[in-house]
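Biologist: I should like to learn how to read a structure of this kind. May we go through it feature by feature?

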Amino acid sequence: MLALFPLRTLTLVTIALIMIGCTHSTTVTVTPPQPIIALFTDYGWEDPYVAQLKGVIMTLNPNARLLDLTHSVEPFNVVNGAYLLDQSAQEFPAGTIFVAVVDPQVGTERDAILVKTSAEKFYVGPDNGLLTDVIDREGFAAAWKLDKPEFFRPGNPSHSFHGRDIFGPIAAHLAAGIDPEKLGTPISSKTLNLLPVKDPTFAGGSVAVEILHIDRYGNVILNLRKDSELAAKFKEGTLVKISVDKESYSGPLVKTYGDIEKGRLMLLYGGSGLLEIAMNQGSAAKQLKVEPGLVIFLKP
């Protein structure tokens with residue numbers, strides 16, 4: 001059939017068809033992606049718990065966008081978990097849904113909750129203080145007690161695995177567009193179980209600070225922020241005395257780890273804006289023999 005039409009004729013016909021097509025407006029509907037569901041637990045990677053949590057979410061919401069923050073929080077350590085959750089969540093956009101599980105009281109009378117912060121982020125987890133730091137930093141907007149079993153994993157929830165049976169399913173439904181008001185009963189911020197927020201104190205010429213976390217490099221992260229009033233007492237380049245129980249150490253306040261020689265103690269403000277005691281290519285925590293929760297003293 002092509003032989004019946006000269007090439008020039010075919011070309012003109014093709015151009016005409018394209019022009020006709022261009023005269024008709026075409027509306028393309030683009031569905032926005034669902035919000036991220038970020039997973040934060042003390043489950044570890046050796047057992048099937050993380051896989052089961054993800055499997056339930058994907059079964060209830062096949063379009064879910066899952067992201068692992070960490071599953072290596074120290075088991076049962078709610079205080080350290082609260083710090084790590086806050087640090088991990090800071091850079092995520094509004095709308096992100098966090099499933100946060102460090103839950104030594106699982107199966108007891110403690111409530112399962114959904115919290116919305118003033119930063120428009122959502123946190124699903126146990127009401128045991130794990131959300132203290134994110135609420136303190138982002139502000140409280142609303143909260144719900146998760147008491148609607150129809151939105152849980154089908155069947156009776158386990159008394160020992162609320163991450164899989166309650167928290168994960170709630171996140172799946174929330175990401176799919178279910179109104180939080182349907183997922184639970186509204187509760188006041190006054191009913192939430194929050195950890196006491198400890199601030200540094202100054203007395204006798206020394207600043208008392210609490211160890212919040214020790215990272216994998218052995219850096220000792222403290223609860224003194226760079227923008228706080230007490231931070232002004234420490235000047236860059238000056239030597240700081242560090243008292244741990246009856247032992248004393250010292251190190252200069254510097255800008256970064258490479259400012260002093262290898263193996264020497266130093267203090268600096270890390271990427272989070274918190275003061276930390278570090279050692280160039282070594283572990284300050286091992287040198288000081290400290291652990292999270294301990295109060296130590298710094299003297300300018």
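Modeller: Let us begin with the naming of elements: helices and strands are DSSP runs, numbered from the N terminus. In this predicted model, Pro-154 is found in the loop that joins strand E6 (140-145) to helix H5 (162-175).

Biologist: Is Pro-154 buried or exposed?

Modeller: A residue is called exposed when its relative accessible area is over 50%. Pro-154 has a relative accessibility of 66%, and therefore counts as exposed.

Biologist: How should the confidence of the model be read?

Modeller: Where pLDDT is low, the predicted coordinates should not be read in detail. Here the protein chain has an average pLDDT of 92, and 91% of the residues score at least 70. Residues 1-5 stay under 50, and for them the model has two contacts beyond four places in sequence.

Biologist: What does Thr-117 touch, leaving aside residues up to four places away in sequence?

Modeller: With that exclusion, Thr-117 touches Tyr-123, Glu-138, Gly-139 and Ala-141. Thr-117 belongs to strand E4 (residues 112-117).

Biologist: Why does Thr-117 count as buried?

Modeller: The term buried applies under 20% relative accessible area. Thr-117 is buried because its relative accessibility is 0%.

Biologist: How does one look for empty space in a protein?

Modeller: Rolling a probe the size of a water molecule over the atoms shows where empty space is left. In this structure the largest pocket holds about 670 Å³ of space. Its lining has 29 residues, and those nearest the centre are Asp-133, Val-197, Lys-198, Leu-212 and Asn-223.

Biologist: Which elements each supply at least two residues of the lining of the largest pocket?

Modeller: They are helix H3 (78-89), helix H4 (132-138), strand E9 (206-214) and strand E10 (220-225). H3 gives the largest share, six residues. By class, the lining of the largest pocket has 12 nonpolar, eight polar and nine charged residues.

Biologist: What volume does the second largest pocket have?

Modeller: The volume of the second largest pocket is about 280 Å³. It is lined by 14 residues, with Asp-42, Tyr-43, Asp-103, Val-106 and Ser-160 closest to its centre. Eight of the lining residues of the second largest pocket are nonpolar, three are polar and three are charged.

Biologist: How many cavities of 30 Å³ or more are there?

Modeller: There is one, and the largest cavity has about 30 Å³ of space. Among the residues that line this cavity are Ile-113, Pro-126, Asp-127 and Leu-194. The lining of the largest cavity comprises six nonpolar, three polar and one charged residues.

Biologist: How many residues of H3 are buried?

Modeller: Nine of the 12 residues of H3 are buried, and the helix is mostly covered. The buried residues include Val-78, Tyr-83, Leu-84 and Asp-86. From first C-alpha to last, H3 reaches 16 Å, close to the 16 Å expected at 1.5 Å a residue.

Biologist: Which backbone angles deserve a remark?

Modeller: Glu-120 is not a glycine, yet it has a positive phi of about 65 degrees. Glu-120 sits in the loop between E4 and strand E5 (122-126), and counts as partly exposed because its relative accessibility is 39%. Lys-289, also not a glycine, has a positive phi of about 60 degrees. The place of Lys-289 is the loop between helix H7 (284-288) and strand E15 (295-299). At 67% relative accessibility, Lys-289 counts as exposed.

How values were computed. Residues are numbered from 1 along each chain as its sequence is written. This is a predicted model: local features need pLDDT of at least 70, side-chain atom pairs count only at pLDDT 80 or more; totals for chains, interfaces and linings use all residues. Side-chain values use heavy atoms; hydrogens and water are left out. pLDDT is the predictor's confidence in each residue, from 0 to 100. Contact means heavy atoms within 4.5 Å. Helices (H or I, at least four residues) and strands (E, at least two) are DSSP runs, numbered from the N terminus. Buried means under 20% relative accessible area, exposed over 50%, partly exposed in between (1.4 Å probe, protein chains only). On a 1 Å grid over the protein atoms alone, a cavity is a set of points where a 1.4 Å probe fits but cannot get out, and a pocket is an open set with protein on both sides within 12 Å along at least five of seven lines; lining residues have an atom within 4 Å of a point. Grid points are joined across faces, edges and corners, and a volume is the space filled by probe spheres set on the points. Ala, Val, Leu, Ile, Met, Phe, Trp, Tyr, Cys and Pro count as nonpolar, Asp, Glu, Lys and Arg as charged, and the others, Gly among them, as polar. The expected span of a helix is 1.5 Å times one less than its number of residues.
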